[in-house]
Amino acid sequence: MNLHRVDLVSLSLFSLVARTGSISKGAELAALAVGAASKRLSDLERSLGTTLLERHSRGVTLTEAGLALQRHAQRILSDVDQMAADLSDYASGLTGVVRLWANTSAVTQFLPGQVSAFVRDNPRIRIELEEADSHEIVVAVLDGRADLGIFADRTPALGLRVLNYRHDRLVLVVPAGHPLARRKAVRWESAVEYDFVTLAKATSLHKRLEMETEKLGRRLKNRIQVRSFDAMCRMIAAGLGIAVLPDVAVEPLLKPLNLRRVALDEAWSDRTLLIGVRDLDALPRHVRVFIDYLCDAN
């Protein structure tokens, strides 16, 4: 087996043939003559020392070895496409890309203005932002899909280096006519009497509410689950429940939807959002510059 003779053109051709089930169709998509494509495939089989395709009158099917190669080829070709995209950024003058994963609280409350200002001041650095649940963010940083992540405290950091990012406060949000609407503050034990609108169970916010409810020996009355703070507020306005939301995030929605914000008289309503990285010293300079900006902007 001589893997050094396996080239990207042949891998791409093989992937097209595997997808279409036809050497002629694969050759057409690869802009190759059928004869040249057939020779490339035969050379690929010879280099790998195994049969990849079973040829028959109606086309081709993959052997077990062919199926294994198809999985590897898809991954290799995807990596090459990503490499080309990254290098094209550098060729156009970009000095770096920051892969940031952040939870909904950070995305909604703090990051839009900060990312916009940073990109304006650092036009040669591009920020790629993905919104995810806190536990997904930690895993993404650990396995290298993200350079840094922003997630809620209480999320197991699994050995990441963590820095304080921002503090936020959770409040109770209720319809204007709700029995708790006139209260300045409530204890959690009073709030759990009512139906709740929440985010998905995997989110750090939902887990926090369930944990605090279980401490009271109660069960959270989770009536509706949605995917965004805006959707939560619209469900509340429709009279389908109450919710716990970050104070800053809910502020713009209170007046338009005729909602009321009630303080939670609980220590756990004060949260810290954290920045997590695998190794701060090993990060590229442009990523450290962005982290310094986030921390200094507090």
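The buried residues of helix α6 are covered by a set of elements that includes β3 (96–102), α5 (104–109), β4 (125–131), β5 (148–152), β6 (161–175) and α12 (285–296). Before we go on, note that this is a predicted model, where local features need pLDDT of at least 70, side-chain atom pairs count only at pLDDT 80 or more, and totals for chains, interfaces and linings use all residues. Residues are numbered from 1 along each chain as its sequence is written, and side-chain values use heavy atoms, with hydrogens and water left out.

Helices (H or I, at least four residues) and strands (E, at least two) are DSSP runs, numbered from the N terminus. Buried means under 20% relative accessible area, with a 1.4 Å probe and protein chains only. In α6, the buried residues are Leu111, Gln114, Val115, Ala117 and Phe118. Looking down the axis of α6, you find them within an arc of 165 degrees, so they line one face of the helix. The arc is taken from the directions between the helix axis and the C-beta atoms.

Helix α7 buries Ser134, Ile137, Val138, Ala140 and Val141. Its buried residues fall within an arc of 160 degrees, so they too line one face of their helix. They pack against β3, β5, α9 (204–215) and β12 (270–277). After α7 comes glycine 144, with a positive phi near 90 degrees.

**A packed pair**

How do α10 and α11 pack? Helix α10 (residues 229–237) and helix α11 (residues 247–257) meet at an angle of about 30 degrees, and their axes lie 10 Å apart. Axes here are lines fitted to C-alpha atoms, for helices over the stretch in contact, and angles run from 0 to 180 degrees between N-to-C directions. On the α10 side, Phe229, Asp230, Cys233, Arg234 and Ala237 make the contact (heavy atoms within 4.5 Å). On the α11 side, Ala249, Val250, Leu253 and Leu257 take part.

**The whole chain**

The chain has 12 helices and 12 strands. Its radius of gyration, taken over C-alpha atoms, is 27 Å, well over the 19 Å from the globule rule (2.2 Å times the number of residues to the power 0.38) for 298 residues, so the chain is more spread out than a compact globule. Its C-alpha atoms fill a box of roughly 80 × 45 × 35 Å along the principal axes. Of the 298 residues, 45% count as buried.

Terms used. Buried < 20%, exposed > 50% of the residue type's maximum accessible area, 1.4 Å probe, protein only.
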